[in-house]
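Hi,

Here's the structure I promised to pass on.

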Amino acid sequence: MCMKALEGLRTIKRRILGAGALGYCPACMEPKDAINRYRDSARKEPDKTRRELLRMYVTGVLGASLPLLVKDEISLQVCGQPPTTTYPPTTTTPPSTGVQETTAPPSTTSGTISVEDALAKRRSIREYADKSLTIEQVMQLLWAAQGITLRPYGFRTAPSAGGTYPLEIYVVTKPSGIEGLEAGIYRYEPRDHRLVKRILGDFSAQLMAAALDQEWVGSAPLNFVVTAVFERTTGKYGERGIRYVWQETGHAAQNIYLQAVALGLGNVVVGAFHDAEVERILELSDQEKPAYVIPVGVLKTP
């Protein structure tokens, strides 16, 4: 197949995955809104509306098979919109050091504890043994929070309003906090299930000071910092999207809690911190705001 033909198919695929000229998206728009939009379009541009409805019918028939024939790097959301054309990118501020990928083991979906047992044993743990976590444990926790569960569509372990996925997760580790990793700040990339090194150094004391000197933040071998790019969700849902982002933060945090129980680890969620200080430590962009600090560690033996 020649390059022009292939690019033509990709263009058609993007139109299929887009919201369409009518702006109708069955996955994320209420029927009343769709009907109102249709009526407005039909009244103002009747010929264009008829053509659009015909296009939607034709592409609906092709839509089920064309994505299987044309493979590109489009990441689908629940509503079918490629996020890179609507929402801010996952990183807008480069780290102060060169970005380096780290080797990440695959996640697992089988364990030795039931969901019910994990729920019953879930507790907020603030004291940890002086032991390192393995990279396998850390990556499993990250997968539980924001891992990809349906790769063709980018669906994740935690539900997200309209598939906008506003959350980012950073790992702030102490020296020997994670076996085989240097002390520093790393960012989790769900698409490739990997950690990306951003800044080297021990920032645990600074993070504890930013969290109002809560001892468990400083004593834990590592902390997860959950941040949010609100524009990814508010760009679609307006002011209501702010609520959806906070809800999603809770979903991800509970996933970390339950996965920690399954791994025999302990953690606690921390919401009391100085936002500006956490932003400075992580070198966040203006669009990205901290939502949670979550210390994680090995349980102390009674």
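R232 and E168 form a salt bridge (a side-chain nitrogen of Lys or Arg within 4 Å of a carboxyl oxygen of Asp or Glu), with 2.9 Å between their closest N and O atoms. R232 sits in helix α9 (residues 231-237) and E168 in strand β4 (residues 167-173), so the pair ties together parts 64 residues apart in sequence. Helices (H or I, at least four residues) and strands (E, at least two) are DSSP runs, numbered from the N terminus. Both R232 and E168 are buried, meaning under 20% relative accessible area, with exposed being over 50% and partly exposed in between (1.4 Å probe, protein chains only).

Keep in mind that this is a predicted model: local features need pLDDT of at least 70, side-chain atom pairs count only at pLDDT 80 or more, and totals for chains, interfaces and linings use all residues. Residues are numbered from 1 along each chain as its sequence is written, and side-chain values use heavy atoms, leaving out hydrogens and water.

The salt bridge count comes to 9. In another one, D192 pairs with R194, the closest N and O atoms being 3.8 Å apart. D192 is partly exposed at 45% relative accessibility, while R194 is buried at 19%. Through shared partners, salt bridges join E168, R187, E189, D192, R194 and R232 into one network.

On confidence, the chain's mean pLDDT (the predictor's confidence in each residue, from 0 to 100) is 80, and 67% of its residues reach 70 or more. Over residues 13-32 the pLDDT is below 50. Where pLDDT is low, the predicted coordinates should not be read in detail.

Cheers

Key
Contact means heavy atoms within 4.5 Å.
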